[in-house]
Structure formats: C-alpha cells, structure tokens
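Please examine the fold shown below together with its sequence.

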Amino acid sequence: MSQQYIWEVKAKNTPLLKKKCSHCNSDRFYCSDKFRLNAQKKNIDIWLIYRCVQCKNTFNMTIFSRVRTESISKNLFIKFSENNTETAWEYAFSLETRRKNNVEYDAESVEYDIQHPTLDDILNSGYEILPVTLKSPFDFSLKVYSVIRICLGLSVSKLNQLIEADALSFQGKSIQKSHRIKDGGIVYIDIEKFRNICFENG
C-alpha cells in the first residue's frame with residue numbers, strides 16, 4: 001500500500017479581474033501573460049498587463065515598484081523579460097499581489113480539470129482509511145466539497161450522508177462546505193463506511 005493517491009487540480013486559465021473599464025462598459029479584465037518593465041537609473045518598475053475583455057484597454061497590475069534592480073534575482077528578472085507564462089500565472093493567482101493592487105478577481109471565471117484515480121482504484125486500494133492528497137498550485141477558492149463530489153461521482157445527498165457518518169474528513173476534521181482546498185491538504189476516506197452508504201444502502 002505504498003501507492004500515493006492524488007487529486008490534482010489543474011487550472012485551465014487565470015482568473016478575470018473585477019474592474020470597471022474606463023473606455024467601455026465592461027467590468028472584467030483578463031491577464032495577457034505579459035509583463036511591462038520600466039527601468040529608471042538603478043530602480044525598476046514591473047507590471048503584469050491585463051486587458052479589458054471587450055475593448056482591450058490595458059490595466060497594469062503592479063508587481064514591483066521602484067525597487068533596486070539588483071534586489072530581483074537574475075533568474076526571476078529573465079522570466080519577467082521573456083514573459084514567462086508560468087511566472088505570469090503565479091502572480092495572476094497571487095492573493096498578496098491582488099491585495100497590494102486593491103483589486104478583486106472573479107474566482108468563478110477559472111475553468112479547471114481534476115486528474116484523479118477511478119472509484120474502483122480507491123475502493124480496491126487495500127486501505128481502511130485512505131488518505132488522498134490534494135494538489136493545487138494555484139488558489140482560486142475551490143471548495144473541498146466540490147472536488148470530492150467530482151472525484152467520487154457523488155450526488156449532494158449522498159455526499160452529505162458520508163460527511164454526517166464521518167466517512168469523509170479533511171485534515172482530520174469534519175468537512176464543512178466552506179472548506180477550501182489547499183495544496184498538500186489531505187482528504188481521508190473510510191472505505192468500509194463509504195461502501196455501506198454508497199452501495200449496500202443504495
């Protein structure tokens with residue numbers, strides 16, 4: 001039983017920003033995956049460029065403002081200069097960056113896939129209490145409740161039954177609908193209780 005069971009959430013796009021456009025009536029901006037750099041003497045400004053979903057008007061999200069060039073690692077500076085997509089996504093999902101810019105994102109605009117083992121793989125794992133590790137490099141407020149429903153193919157009523165019977169838990173605690181997934185978090189499945197509720201009791 002050395003196999004690790006993983007539910008891996010993969011975002012398909014970055015979240016839209018909730019922001020009024022000054023050029024049209026739109027209130028959403030998308031990440032262009034491109035950076036703007038402006039050096040002045042020994043200081044540099046770096047922004048992540050967003051564009052209005054309707055008219056393409058730009059909004060520059062501040063990443064660094066008036067910082068010494070040497071304070072940014074050479075590797076990171078190259079990524080900014082080359083418009084590295086992975087780096088752009090890291091900042092597009094960053095809560096700290098949104099707070100610094102006083103902007104809000106539209107979490108529901110993020111589409112995603114979840115890679116997960118089949119239900120048969122889980123039921124035949126050989127575990128009494130199966131730990132399933134959540135992997136999600138980006139935080140977009142996805143609920144643990146939703147991930148469990150998708151990965152185990154459950155109806156709302158059946159999932160509620162499992163939670164009430166302590167057949168499922170998250171981080172060793174009873175699952176609440178408000179719980180959000182976090183990278184490395186663990187969902188525990190009591191296999192016997194799961195079988196009894198989902199199959200023997202119809």
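The structure is a predicted model, in which local features require pLDDT of at least 70 and side-chain atom pairs count only at pLDDT 80 or more, while totals for chains, interfaces and linings use all residues. Residues are numbered from 1 along each chain as its sequence is written, and side-chain values rest on heavy atoms, with hydrogens and water left out.

The largest nonpolar core contains 58 residues. Such a core is a set of buried Ala, Val, Leu, Ile, Met, Phe, Trp, Tyr and Cys residues joined through side-chain atoms within 4.5 Å; buried means under 20% relative accessible area, exposed over 50%, and partly exposed in between, with a 1.4 Å probe and protein chains only. The members that touch the most other members are W7, L48, Y50, V147, I148, L152 and I189. Helix α5, residues 144–152, gives the most to this core, with 6 residues. Helices (H or I, at least four residues) and strands (E, at least two) are DSSP runs numbered from the N terminus. In soluble globular proteins, nonpolar side chains tend to be buried together.

Helix α5 also packs against helix α6, residues 156–164, at an angle of about 110°, with the axes 11 Å apart. Here axes are lines fitted to C-alpha atoms, for helices over the stretch in contact, and angles run from 0 to 180 degrees between N-to-C directions. Because angles of 65 to 115 degrees count as roughly perpendicular (under 35 is roughly parallel, over 145 roughly antiparallel, and the rest oblique), α5 and α6 are roughly perpendicular to each other. From α5, Y145, I148 and R149 meet V156, L159, N160 and I163 of α6, contact meaning heavy atoms within 4.5 Å.

L119 lies in helix α4, residues 119–123, and is partly exposed, with a relative accessible area of 26%. Beyond its neighbours within four places in sequence, L119 is in contact with L152, F194 and F199. The C-alpha atoms of L119 and C151 are 7.9 Å apart, although 32 residues separate them along the chain.

F138 occupies the loop between β8 (129–135) and α5. Why does F138 count as buried? Its relative accessibility is 18%, and buried means under 20%. Leaving out residues up to four places away in sequence, F138 touches A11, W89, E90 and F93.

I72, in the loop between β5 (58–68) and α1 (74–81), is buried at 7% relative accessible area. Residues up to four places away in sequence aside, I72 touches I44, I46, F64, V67, F77 and F80. D45 belongs to strand β4, residues 43–52, and is buried as well, with a relative accessible area of 4%. With residues up to four places away in sequence again not counted, D45 touches R36, L37, N38, F64, S65 and R66.

Most residues other than glycine have a negative phi. D33, in strand β3 (residues 28–40), has a positive phi of about 65° although it is not a glycine. N102, likewise not a glycine, has a positive phi of about 55°. N102 is found in the loop between α3 (95–101) and β6 (104–106), where N102 is exposed, with a relative accessible area of 72%.
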